Amino acid sequence: MMKIKINENFKKIKPSYLFSDIGKKVRTFSSAHPDLKIIRLGIGDVTLPLSPCVIDAMTKAVAEMGEKSSFRGYAPEYGYDFLREAIARHYERFGVSLSPEEIFVSDGAKSDLGNLVDIFGDNEILIPDPVYPVYLDSNLMSGRRVRFLAANAENGFLPLPDESLTGEGYIIYLCSPNNPTGAAYEKNELAEWISFAIKTGSLIIYDSAYEAYIQGSAPHSIYEVEGAKECAIEVCSLSKTAGFTGTRCAWTVVPAGITAGGLSLSALWARRQATKYNGLPYVVQRGAEAALSDEGRKQCMSLVAYYMENAALIADLLKKKGIWFTGGRSSPYLWLKCPGGMGSWAFFDYLLENIQVVGTPGEGFGEEGKGYFRLTAFGSREDTEEAVHRMEALL
Ligand code: PLP
């Protein structure tokens, strides 16, 4: 019998991850009805292939790896200079000036968001509800105290600082455009968070994984807003922008000037990464560099445009049916109120059993998500049209 102690904090998190629960339900249904075609508008994975310029760059890099003279071993823990520089140039598109040394390349925003917890002590954590579940679970795993920021129809799913937040030294997670609600902060709203963070000595962890989907005036980076370099770390990813969910590439920006406890956060993160991370493959970094070039961005934005056309198809149907929803504009996600007052899981079962369309129950993203449902625009055009057609008949 094992005599070791486990991390007891794991007992505080829900035993299974949202998408495993969904997967189980879908597998059970599909083994009972093998002849019915299931359309998945649930999990937020992309379906279009990588852009040609990414493939070209990666193919060339593979050839380099096959030659003694150009072979590379371990990649630098923070990313090759060529990619850190390409990311810095990418930020110039939004009028943001960063030094490549402030950019730390990694294999995913999920890993970075989970790993960032390592460099902080026992601060009170503010997490929007509903939101991408990784912020909550990774903080609970480390035994952190979490407080939720209710995001609901009244505040447009964009919570702002209010008088109930009387403490200081918070770590505040913001996700914009938000997964799952699709709501995106405008500059003046982010300015409120920034001034709150500066006033209370708090740090913002800003997740901009969906920046490429922004239509309109919402900022693509928190650093577009004054003061952010004093109080915000930004995590971004090529997963949804360039179809890198299976290829993997993301980065975290830790501005040089932020210090806490007498140490620079950038030095802490560098130390953490150098100890526990051994760098992203060279081939992938060349692909990422290509995705961020002018031609690459153009090609990737055509993938985004395709998904946004899917979003428009779903949005039109919801409007036609008088179903309240948000998102689908600066986001590949549509966040709808379950019709007829149905609960999130009841609506999930209703769609699965009647028309074999799979979405994601809102309450999987937090208590405030009860009664809501997320559909994604990441499916193929054919599947999205078919799902819309089926929903039109059922709802
Ligand atoms: N952040 C948000 C808000 C996401 O929705 C996701 C993925 O769905 C991620 C981060 C993860 O990104 P990556 O694929 O780079 O790990």
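Modeller: A polar contact is here a pair of N or O atoms within 3.5 Å. The model is a predicted one, and the distances below are computed from it. By that criterion, a polar side-chain atom of Ser239 lies 2.5 Å from an oxygen atom of the ligand. The side chain of Asn179 places an N or O atom 2.7 Å from a ligand oxygen, whereas Lys110 contributes through its backbone, with an N or O atom 2.9 Å from an oxygen atom of the ligand. Alone, the ligand would expose 400 Å², of which the protein buries 91%.

The shell around the ligand comprises 14 residues, and Asn179, Asp207, Tyr210, Ser237 and Ser239 are the closest. Helix 4 (109-115) and helix 8 (239-242) each provide at least two of the shell residues.

Seven strands form an open sheet with mixed pairing, in the order 2-8-7-6-5-3-4. Strand 2 (103-106) and strand 4 (145-150) each have a single partner strand and stand at the edges, so one side of each lacks a neighbour in the sheet. On average, neighbouring strands are turned by 20 degrees against each other, direction ignored. Strand 7 (residues 232-237) and strand 8 (residues 250-253) run antiparallel and are joined by four bridges; Cys236 has Trp251 of strand 8 as its bridge partner. Helix 3 (residues 81-92) packs on the sheet, where it touches strand 2, strand 7 and strand 8.

Definitions and conventions: Residues numbered from 1 in each chain as written. Predicted model: local features only at pLDDT ≥ 70, side-chain atom pairs only at ≥ 80, totals over all residues. Heavy atoms only, no water. Near = heavy atom within 4 Å. Polar contact = N/O pair within 3.5 Å; in protein donor to acceptor, adjacent residues only side chain to side chain. Areas by Shrake-Rupley, 256 points an atom, 1.4 Å probe, with all protein chains shown as cover. Pairing = 2+ DSSP bridges. Axes fitted to C-alpha atoms, helices over the stretch in contact; angles between N-to-C directions. Contact = heavy atoms within 4.5 Å.
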